Amino acid sequence: MNHEITGRTWVIGDSVDTDAMYPGFAMKLPVEEAARHVLYDLRPGWTEQVEAGDILVAGRNFGIGSSRPVAALLRHLGIAALIAEEFNSLFLRNAINNGLPALAVPDVRRFVSEGDVLTLNLATGQVDTPAGRLDAAPLPAMVLDILDAGGLLPRLAAAGYLPREDA
Amino acid sequence: MSTEQGVDGGMTVIETILARAAGRDRVRPGDTVVTRVDMNVLIDLMFTRWVDPLRIADPDRTAIVLDHAVPAPTLVDAEAGVRARHFAEAFGIKRFFDVGRHGICHQVIAENALALPGQVLTCTDSHTCAGGAYNTAARGLGPAEVVGILCTGETWYTVAPTIRYELDGELAPGIGGKDVFLHIAGTYGDATNHNLEFGGPGLASVPMNDRRTIATQGAEVSADFTVFEYDDRCGEFLAAHGAAEYTPAQPGPDANYAVVRHVDLGALVPHVARPGTVSRNAFPVTEVEDRAVQQCFVGSCANGQLDDLRISAELLRGRRVADGVRLIVTPASQQVYRDAVRLGYVQDIADAGAVVTNSTCGACFGYHMGLLGAGEVCLTASTRNFRGRMGSPDAEIYMASTATVVTSAVTGRITDPREVLA
């Protein structure tokens, strides 16, 4: 995977939880239908506006809640990366393991307004915004390896644990 | 009261377990380590999108529990059950808890002593931290990661700093683990990227069911692991449930904590969380607005235990659920259900006008049985009060202990259970 990602931003608040992104009723739907309900109550109509390559920027405690794989829906919508001031660790692992880059950047919302185009580098932690450059902790090599493979399931397939065609 | 600790002490409970599982002498916050996983638990939802692996690490370190959507409410869930049964058979998974011997996975884990002191347990459900009640490093991971552990038998953790809760005194009658947790969540807020550790002189007085309520709810303040010290009470519980051999993990005398906080158990009162979150949003019941409720719910991995049904039955005996209120009681497992029938609890609860359902995660996650309509107010003893969690985003979900929920079902309004218990 290219470790440098450039995209237009969407900005949401603190403690946006998994039920807000993957509501219980959507768990009964196939991924492509469930994806239409991401942020159904917080940002109605958002899934119609998102374009492939966009970056979702959140505040503190992003993704508190359950293990339902929100990242699969966000990837289906074309989200290229997540940035948050702080991630819930289960949500962060779920994103990485589903092949969705996620970078913690403290105070990012002081530098980014919705619609800004920014560039982040997963391997260096550098984030270039219209308001200036931010330096976050880069992703560990172990995490980059998972992202490079496209997520954990493709990596397991490559290692012979899962059938390749289904990974 | 808080005390900052030194920076170069020994290891906390979680650090001790992770170091042991990683084959290292010690770990420190910030270290990333690869660890062995002693028990990996798969749930029904995983089999909704499922491909059988070509090989797995160890069928005896694997369990499968059907819990979130049983008996299957949709065709998708029915087909997931078919895949789970096929997988269990094909790969020789002996610990397979199908409908009839099922339950919410964290209850089944407890009943079968799958979470053992000093060990590492994984499962997709976010409330897997429940296993911390038994001195286990247990936490929820995503479905893909649990597939990875199924295949390789190991995973990785970045060690987080630990917040220590030192328990003093004893709980007053009618005060439960939920009140302890809501007090903590209301006072201190989120613990994102931190572990929680519970111990201290008051621990011995805290029953195992209350410990599990507290451990389960650690996810609601965004903690990584939540874990209790091991003591005789824990050992007796595990022995009664046929535990295999284990080696508990105790904190070093000079363990290094991010912060140490004291909780005076004897001073705690019933607490209620207002809708949306528990974090800095839970208050003594006497400070919460007088609201009429339409649904009351006792259930989930946090509060669907046999003690919760006992408390419900004791409060409901000779009383009636108020007109206009639905009281739904969901036992956390088929075993809890059977015990509650045998002990007469189900009779008392049903006679009072409540509905006792089969065991499932059901209403807690707004998936089946007991959803809320727009404009309704629910008081729940389950795990989570997020907006939209139990149905309509325009319903309001308050959270409290089983005693507060059942008392409120009788009065029809959010009520201090001490008014009835007195």
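**Cavities and the interface of chains A and B**

Two cavities of 30 Å³ or more are found, a cavity being a set of points on a 1 Å grid over the protein atoms alone where a 1.4 Å probe fits but cannot get out. The model is predicted, so local features need pLDDT of at least 70 and side-chain atom pairs count only at pLDDT 80 or more, while totals for chains, interfaces and linings use all residues. Residues are numbered from 1 along each chain as its sequence is written, chains are lettered from A in the order in which they are written, and side-chain values use heavy atoms, with hydrogens and water left out.

The largest cavity holds about 90 Å³ of space, a volume being the space filled by probe spheres set on the points, which are joined across faces, edges and corners. Its lining (residues with an atom within 4 Å of a point) includes A:Gly65, A:Asn88, B:Arg139 and B:Asp224. The second largest cavity, of about 60 Å³, has B:Val37, B:Asp58 and B:Arg61 among its lining residues.

Turning to the interface, 38 residues of chain A are in contact (heavy atoms within 4.5 Å) with 45 residues of chain B. The buried area, meaning the accessible area (1.4 Å probe) lost on being put together and summed over both parts, is about 3,400 Å², with 57% from carbon and sulfur atoms. A:Lys28, A:Arg93 and A:Tyr161 supply 21% of the area that chain A buries against chain B, more than any other three residues. Three salt bridges (a side-chain nitrogen of Lys or Arg within 4 Å of a carboxyl oxygen of Asp or Glu) cross this interface. B:Arg389 and A:Asp19 meet in a salt bridge at 3.2 Å, N to O.

Technical notes
1 Å grid on protein atoms, 1.4 Å probe; cavity = no way out; pocket = protein on both sides within 12 Å on 5 of 7 lines; lining within 4 Å. Buried area = accessible area lost by both parts, 1.4 Å probe.
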